[in-house]
Amino acid sequence: MDLKLNEDPLNLANTILKDIKSSENLGLLRCVQCGMCTSSCPGAMHSNFNPRDMIEKILEGDETVIEEEDIWNCFYCYTCHSICPVGNSACEVNQILRQFAISKGTANKKIQPFLEFGDIFLSMALGGIPSIFFPEMREDIGEDWWEFKMNLDNVRNKLDLGSYIPPQESIDEVNKLLINSGFEERIEAIRNNKKP
Amino acid sequence: MKQIPDKNITLFKSCLVSTEYPGIESSTKYVFDKTGIDYLVDERQTCCTGLGHYSDVFDQFSTTIIGARNFYLASDNNRKNMVMLCATCYAINKKVANILNKKDETREEVNEIFDKSDLSNMKYEKGSIDSTENIFHVVDILFNKKKEIAKNIKYDFSNFKIATHHGCHYCKVHYNDTIGGIRDPNIIDELVNACGASTIGWYDFKRTTCGAGFRQRFVNKDLSMDVTYDKLKALKNDDVEILVHLCPNCHVQFDRYQNYISNDKNDEFKTIHLNIAQFIALAMGADPYKVVGIQTHTVPVEDIVNKLETLPEYKEINEENKIGEENV
């Protein structure tokens, strides 16, 4: 790492602690590097991701951790979060690091495949799996699944369930809120490979 | 233990339940009706942003605004007890409530967006939705109705080998609110017991994630499926016939991808997958197609349904109206 003798090594950790996502009393500065997080992590079991290392780098003020490929292998399963003896959460910290990478404009390629989540929300106030993944899912899961997807409204009618699409007034409200929050601008910047 | 409500409930729609396993919603309503739970589904409610949020597309601020709007609807209906069908909706909405109640600056910024959007009526008032007191998962509500569930059971699941998978975003995120254990989660096991059946209890990898990992399933598929494979192998070692879930995303991962993993690893798996509400509804005698929605499943549930036997005291009823006969 680059030595930054005139800088507080805890700048990065403190920035994380001030983030909107950071939980009250997040134990980042209390980490004793016991490794419980890594030993229980599905990402660590099957890839090079190592949450203990990630936290160590943060506590050393090593900002290169933001650009590390391995941080994208966290499953957001919160197993580490649920067992940490000092109330730290590598999972939550990982989410904040990824947002830092997005803000720096270095993670656009990671986010681009998922932008339809934003598009569907802006246009229909819906969640659900983006259709960009449907062809591969159809191949992996099979034609029965695809037929069901094509027949969803009928299946829902049979189950006596109404439309899952909110009324237009609700869609308009959500659209306005997400434009005013800067969300639409953010996803357009990511789509156009710019810094959000 | 916290107070668990049975009235003034908003049953919160889930995007994955709506579009992948709608039978989870109809089964939940069926079981709620049978056990005397007072609830409403508001069509104005939107998705919590969960899948997009955990794919890092939604930032926490935008998710908090969407959450605050949904909280407004629950308050507007005088149904502040918000009950989730999905573990991720549960985790997301609890987080949003904590942020809105504890981070004054963020709450003010969220309210400024409501003002700017001519939706000042939706502004969030500190403390109006409490993360612990107002936000629940369906399993919490059913846990409180175990006696009523037991009274309504008509079909016998006791001959099946059953295991449970507790979604991570129910058990591990806001763990102080989790009922039935965190390191050895058991709330679904207890609900299966209320239906007169038992589970295998602890098994290797019981606590492990389903493997979906949000982005991982779609852009890192081998990594995602390797994690799911660990769990499927553990279930196979214990000859599990039914895995009972509480989260539609885990349900997608196991039900939709089990055959894919079987083919990929040349290792056959036969476990079928049911949400706990579907399981209880079937045990109560709900129609498998018109209520439980088993036709939307990839691993066929028919084998289990056809083997279900009526409890002796309901034998006569069964003779007159065989389960789902018109659709089989």
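Helices are DSSP runs of H or I with at least four residues, numbered from the N terminus. In this predicted model, the elements of chain A run α-α-α-α-α-α-α-α-α-α-α-α-α from the N terminus on. Along the principal axes, the C-alpha atoms of chain A fill a box of roughly 65 × 35 × 30 Å.

Chain A is divided into two domains. Domain 1 covers 11-104 and domain 2 covers 110-191. Taken over C-alpha atoms, the centres of these domains of chain A are separated by 30 Å. Buried residues make up 40% of the 196 residues in chain A. Among contacts in chain A with a separation of 6 or more, 66% link residues 24 or more positions apart.

Chain B contains 17 helices and nine strands. The radius of gyration of chain B is 20 Å, close to the 20 Å given by the globule rule for 328 residues, so chain B is as compact as a globular protein of that length. The C-alpha trace of chain B spans about 60 × 45 × 35 Å along its principal axes. Of the 328 residues in chain B, 57% are buried. Residues 24 or more positions apart supply 81% of the contacts in chain B with a separation of 6 or more.

The two chains touch. Chain A contributes 57 residues to the contact, and chain B contributes 64 residues. On the side of chain A that touches chain B, helix α12 (residues 168-180) of chain A gives the most, with seven residues. That side of chain A divides into 31 nonpolar, 15 polar and 11 charged residues.

Helix α13 (residues 183-191) of chain A has buried residues: A:Phe183, A:Arg186, A:Ile187 and A:Ile190. These residues cover an arc of only 90 degrees around the axis, which puts them on the same side of α13(A). Their packing partners come from both chains. In chain A they are α7 (108-111), α8 (116-124) and α12; in chain B the partner is α4 (60-76). After α13(A) comes A:Asn193, with a positive phi near 60 degrees.

In soluble globular proteins, nonpolar side chains tend to be buried together. The largest nonpolar core here has 147 residues. B:Val83, B:Leu191, B:Ile280 and B:Ala281 have the most contacts inside this core. Helix α5 (residues 87-102) of chain B provides the largest share of the core, nine residues. Leaving aside residues up to four places away in sequence, B:Ile280 touches B:Val31, B:Leu142, B:Ile149, B:Leu191 and B:Cys195.

Most residues other than glycine have a negative phi. A:Gln33 has a positive phi, near 60 degrees, and is a residue other than glycine. A:Gln33 lies in the loop between α1 (11-18) and α2 (36-39) of chain A. With 12 C-beta neighbours inside 10 Å, A:Gln33 counts as exposed, since the cut-off for that class is 12 or fewer. B:Phe205 is not a glycine either, yet has a positive phi of about 70 degrees. B:Phe205 is placed in the loop between α11 (187-194) and α12 (215-219) of chain B. B:Phe205 has 16 other C-beta atoms within 10 Å and is partly exposed.

Key
Residues numbered from 1 in each chain as written. Chains lettered and ligands numbered in written order. Predicted model: local features only at pLDDT ≥ 70, side-chain atom pairs only at ≥ 80, totals over all residues. Contact = placed C-beta atoms within 7 Å. Helix = DSSP H or I, 4+ residues; strand = E, 2+ residues; numbered from the N terminus. Nonpolar A, V, L, I, M, F, W, Y, C, P; charged D, E, K, R; others polar. Rg over C-alpha atoms; globule rule 2.2 N^0.38 Å. Buried ≥ 20, exposed ≤ 12 C-beta atoms within 10 Å, placed from the backbone. Domains from an automatic or database assignment. Arc of directions from axis to C-beta. Core = buried A, V, L, I, M, F, W, Y, C linked by C-beta atoms within 7 Å.
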